[in-house]
Amino acid sequence: MVSFNLSEVIKKYTMVIALVVIIGIFYVGTNGTILLPQNINNLLSQNAYVFILATGMLLCILTGGNIDLSVGSVVCFIGGIGAVMMSKEMNVWFTVLVMLLVGVAVGAWQAFWVAYVNVPPFIATLAGMYAFRGLSNVVLNGYAVSITNPTYLNVFGGGADCYIPDFFHGNGLNITCMLAGIIGVAIFVIGSLRNRIAASRKGYATTSAVGFYLKLVLISAVILFVTYKLAGYKGIPTSLIWIIIVVLAYHYFTTKTTMGRYLYAVGGNEKATQLSGINTKKVYFFAYTNMGFLTAIAGILTVARAASAQPTYGMFYEMDAIGACFIGGASAYGGTGSVFGAIIGALLMGVINQGMSIMGVDANYQKVVKGLVLLLAVIFDVVSKREKK
């Protein structure tokens, strides 16, 4: 059992504390507008692509601080393919399958050059950024293509009915949404308790009881607060369901599977990982192929929300994803980071964007603030590692 140490807790949850502080600042600056139910709904839906891309980008960063600069262009390319196919009245599920397969193929194409030809990831994906932006224009012929298929729009978060219906028909409060929040909290609390008990029985070191239960209370309170706000609007947007599925699946993958541990090992010390018998080329190949898969999902959600595809979609998406990972605690050197950390980073970026927009701050100054926040996060990482050495 580890005794409670306030300084360690603050260091461990620095970005969470920063997120709370920033929300508080914008709550005062916007007279509470930022926490209105519709704005919380918009924060989650508008940043769906960041959550998805940041999850995939994290896996690339874990391998040694590597990144994928092509994701914004690939989102546009895949979204364009889907929009054109649906404009020709092709089956919506066949279209979605093609979009996913194209994403995997693009990821595997870039992964091959990175993993087996040893082209630096920065160069390989920079080439992809240019190439797939050009192909996006070719696919769309330089024009916007509208998406009108109601099934696609509602399932992936772009239609008027893209919310989970309230099966209990609450009056002014979506009961289904509230029940989902309560069930989510129950699953989280029971799972956390079981993991702690199992770790204690095996003799593993655990956090202090105070820190553990404080985390349970705070996270549970946040989940219930968000679901209450969503319940007061239209309920759970379908895009949030896709975000939750991806985040939980990749949290499990990075913490409980062999390949997940390999990603951290390669980033921690690639040479030692090779000497231990692990095929590091396959690890790189998986990371970048998986990035293509998640980019396809981001593309599906992006064009669904906009109900169209345009050659300009996806601009600077890669920067949002990279920034979310580093702000959320991923190390610029690799080997350190978590899926939930990347999500915290994405939320922080989203809150800054939305808060400054509501306050009427010029878009150029918004970019300045985001850049400074990213720089501070990386400086914090570098200084922390220097202190450890």
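This is a dialogue on how to read a predicted model of one protein chain.

Trainee: Where do I start? How many helices and strands does the chain have?

Mentor: Start with the inventory. The chain has 17 helices and two strands. The model is predicted, so keep that in mind throughout.

Trainee: What radius of gyration does the chain have, and what would a compact globule have?

Mentor: Compare the value with the expectation for the chain length. With 389 residues, a compact globule would come out near 21 Å. The chain has 21 Å, which agrees.

Trainee: What share of the residues counts as buried?

Mentor: Of the 389 residues, 47% count as buried. Then look at the contacts. Among those with a separation of 6 or more, 79% come from residues 24 or more positions apart.

Trainee: Which residues of α7 are buried?

Mentor: They are Pro-121, Ala-124, Thr-125, Gly-128, Met-129, Phe-132, Arg-133, Ser-136 and Leu-140. Look down the axis of α7. These buried residues fall within an arc of 160°, so they line one face of the helix. The face turned away from that buried side carries the exposed residues Tyr-130 and Val-138.

Trainee: What do the buried residues of α7 pack against?

Mentor: Follow their contacts to other elements. The helices are α5 (71-87), α6 (92-115), α14 (280-306) and α15 (317-327). The strands β1 (145-146) and β2 (308-309) are partners too. Check the end of the helix as well. Just after α7, Asn-141 takes a positive phi of about 60°.

Trainee: How many of the residues of α4 are buried?

Mentor: In α4, 15 of the 15 residues are buried, so the helix is largely enclosed by the rest of the structure. Helix α4 spans residues 48-62 and reaches 22 Å, close to the 21 Å expected at 1.5 Å a residue. Just after α4, Gly-64 takes a positive phi of about 140°.

Trainee: Which residues have the most contacts inside the largest nonpolar core?

Mentor: That core has 98 residues. Those with the most contacts inside it are Ile-52, Leu-53, Met-57, Tyr-152 and Cys-325. Take Ile-52. Beyond its neighbours within four places in sequence, Ile-52 is in contact with Trp-242, Ile-243, Val-246, Leu-294, Ile-297, Ala-298 and Leu-301.

Trainee: On to charges. How many salt bridges does a search of the whole structure find?

Mentor: Side chains of opposite charge can pair when their charged atoms come close. Here the search finds one salt bridge. Asp-320 pairs with Lys-370, with the closest N and O atoms 3.5 Å apart. Asp-320 lies in helix α15 and Lys-370 in helix α17 (residues 363-388), so the pair ties together parts that are 50 residues apart in sequence.

Trainee: Are Asp-320 and Lys-370 buried or exposed?

Mentor: Both Asp-320 and Lys-370 are buried.

Trainee: Why does Ala-332 count as partly exposed?

Mentor: Read the relative accessibility against the cut-offs. Ala-332 has 29%, so it counts as partly exposed. Ala-332 sits in the loop between α15 and α16 (339-358). Leaving aside neighbours within four places in sequence, Ala-332 is in contact with Gly-64, Gly-65, Phe-326 and Asp-381.

Trainee: Where is Thr-289 found, and what does Thr-289 touch?

Mentor: Thr-289 is in helix α14. Thr-289 is buried, with a relative accessible area of 14%. Residues up to four places away not counted, Thr-289 touches Val-104, Gly-107, Ala-108 and Ala-111.

Trainee: One last case. Is Ser-239 buried or exposed?

Mentor: At 4% relative accessibility, Ser-239 counts as buried. Ser-239 has its place in helix α11 (residues 238-256). Ser-239 touches Ser-45, Ala-48, Phe-156 and Gly-157, again not counting residues up to four places away in sequence.

Technical notes. Residues are numbered from 1 along each chain as its sequence is written. This is a predicted model: local features need pLDDT of at least 70, side-chain atom pairs count only at pLDDT 80 or more; totals for chains, interfaces and linings use all residues. Side-chain values use heavy atoms; hydrogens and water are left out. Buried means under 20% relative accessible area, exposed over 50%, partly exposed in between (1.4 Å probe, protein chains only). Helices (H or I, at least four residues) and strands (E, at least two) are DSSP runs, numbered from the N terminus. The arc is that of the directions from the helix axis to the C-beta atoms. Contact means heavy atoms within 4.5 Å. The expected span of a helix is 1.5 Å times one less than its number of residues. A salt bridge is a side-chain nitrogen of Lys or Arg within 4 Å of a carboxyl oxygen of Asp or Glu. A nonpolar core is a set of buried Ala, Val, Leu, Ile, Met, Phe, Trp, Tyr and Cys residues joined through side-chain atoms within 4.5 Å. The radius of gyration is taken over C-alpha atoms; the globule rule is 2.2 Å times the number of residues to the power 0.38.
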